[in-house]
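Please work through the following exercises with the sequence and the model side by side.

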Amino acid sequence: MKWLAAIMMATEIASAAVGVAACAQTAPALTPQQKQELSTYNFKGAEAALEAQDIQPASKPSALTPIPPLKVPPITSRSLPAQSSPAGAPADKGSEVPLNWRPPHSELNAAAVSAAEVSRQWETGVATPTSGADGKVVYIFGQGMPVLVCAPLRVCAIELQAGEHLESQPQIGDSRRWEITPVLSGSGLDETPLLIVKPIEAGLETDLIVSTDRRTYVFRLISDPTRFVSRLAFQYPGEDATKWAAFQARQDAAKRDAEAVAEQAHEKDKRAGVVPLAENALDNLYFDYKLSGDAAYRPQQVFDDGQHTYLIYPNDGRFRELPTLLIQVNGKSELVNFRVDGSRYIVDRLFDKAILVVGVGKKQTRVTIARATPYSGSTGKRS
């Protein structure tokens, strides 16, 4: 069995050489000469020498027959380990690793590099938090990546917007060492979703994506031995614009409702024969008009409010055609338009004298309207 020990010793020497080469990330290959020497090694002589060492005292090792040395190939190149070949077999050149070999990886084009840099800047940018009510740490949504710091044996909460609903399960990069539990606070329209975050050890870092029916949140999670954030919440600048828009819409709706009510009241007054008056009309009403001519075509009443002149007729449909209104200006007659509002004739100016003309030729009928107190020219004010 001594020859077996010699073989094992030679094998250990060769294995040690190969191990050293592996630690240096090289694998020497045996040359044909070295393989030939290994195949003709005197294993029996080595066995006899070992037996002699067992018989002779340990104090006289110099007189023993030396064990033939086993030559090991030097570390000369980076190559894979060469396996032994039987005696007489053709030499194996081995499979050498190229000097410029690198592990396989994906190449990034310019667009991918630019996109990764933009994302890195957003992730590493400083999103300044502020202090909120009830100990909340408040971030402005969309302005940088929010960071939640939590500690083992602590419970940290991410508070979303009231009335917001989770669309799916939150996605976290390290689900084995982080626990994410959704809970609800409040009820009805004030129901607020919370995410309870707990790390199982310190020194962890990962990311968390939360999708809701209103927006998508992206968080950076860090576990610290002692420091932590109890509650993290958000301020939503876009919601402020939405609130103002809703407020403006309510104001516009109220204005439209008021205008509709006023229009309905106007139609009601129109049907009841109520005369619309100008602003401050009560301070400027004037009724002293003299009427002459065919009594059948005289207005029941003529007055003005300082800006408009009103001719009131009974609602009996006496006119088959609208009369023509002529006013006297510097001794000349001028045609003037007027508006008909039910049984009311409204002239958008004042006059000292006017003539209503109905019909033509010999069948023409006239009614003269004269103001007792002349007004002061084109200003429409009485003198």
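The model is predicted, so local features need pLDDT of at least 70 and side-chain atom pairs count only at pLDDT 80 or more, whereas totals for chains, interfaces and linings use all residues. Residues are numbered from 1 along each chain as its sequence is written, and side-chain values use heavy atoms, with hydrogens and water left out.

**Exercise 1. The whole chain**

Task: State how many helices and strands the protein has, and what share of its residues is buried.

Solution. Step one is to take helices (DSSP runs of H or I, at least four residues) and strands (runs of E, at least two), numbered from the N terminus; the protein has 5 helices and 19 strands. Step two is to apply the accessibility classes, in which buried means under 20% relative accessible area, exposed means over 50%, and partly exposed lies in between (1.4 Å probe, protein chains only); of the 383 residues, 27% count as buried. Step three turns to contacts, meaning heavy atoms within 4.5 Å: among those between residues at least 6 apart in sequence, 61% join residues at least 24 apart.

**Exercise 2. An aromatic cluster**

Task: Classify the ring pair of F141 and F234, and then find which rings are linked with them into a cluster.

Solution. A pair of aromatic rings is described by the distance of the centres and the angle of the planes. Rings of Phe, Tyr and Trp (its six-membered ring) pair if their centres lie within 6.5 Å, and planes under 30 degrees apart count as stacked, over 60 as edge-to-face and the rest as tilted. The structure holds 13 aromatic pairs. In one of them, the ring centres of F141 and F234 are 6.0 Å apart with the planes at 75°, so this pair is edge-to-face. The pair links distant parts of the chain, since F141 belongs to the loop between β2 (136-140) and β3 (147-150) and F234 to strand β10 (residues 231-235), 93 residues apart. F141 is partly exposed at 26% relative accessibility, whereas F234, at 12%, is buried. F234 also pairs with Y236, here in a tilted arrangement with 6.3 Å from centre to centre and 40° between the planes. Ring pairs link F141, Y217, F219, F234 and Y236 into a cluster. As a last step, look for a charge over a ring, which requires NZ of Lys or CZ of Arg within 6 Å of the ring centre and within 35 degrees of the ring normal: R215 lies over the face of F141, at 5.3 Å from the ring centre.

**Exercise 3. The disulfide**

Task: Which cysteines form the disulfide, and what is its handedness?

Solution. A disulfide is a pair of cysteine sulfur atoms within 2.5 Å, and the structure holds 1. C150 and C156 form it, with their sulfur atoms 2.2 Å apart. The torsion about their S-S bond is about 95°, so the disulfide is right-handed. Both C150 and C156 are buried.

**Exercise 4. Salt bridges within and between elements**

Task: Locate the salt bridges of R120 with E117, K136 with E159 and E205 with R220.

Solution. Side chains of opposite charge can pair when their charged atoms come close. Counting a side-chain nitrogen of Lys or Arg within 4 Å of a carboxyl oxygen of Asp or Glu as a salt bridge, the total comes to 12. The closest N and O atoms of R120 and E117 are 2.6 Å apart, and these residues, 3 apart in helix α4 (residues 110-124), are separated by about one helical turn. K136 and E159 meet at 2.9 Å, N to O; K136 lies in strand β2 and E159 in strand β4 (residues 156-159), so the pair ties together parts that are 23 residues apart in sequence. Both K136 and E159 are buried. E205 and R220 approach to 2.7 Å, linking strand β8 (residues 205-211) with strand β9 (residues 216-223) across 15 residues of sequence. E205 is exposed at 53% relative accessible area, while R220 is partly exposed at 26%. Salt bridges that share partners also join K136, E159 and R231 into one network.

**Exercise 5. Positive phi angles**

Task: Where do D134 and L153 lie, and are they buried or exposed?

Solution. D134, a residue other than glycine, has a positive phi near 60°; D134 is placed in the loop between β1 (130-131) and β2, and is exposed at 63% relative accessible area. L153, likewise not a glycine, has a positive phi near 65°; L153 lies in the loop between β3 and β4, and counts as exposed at 89%.
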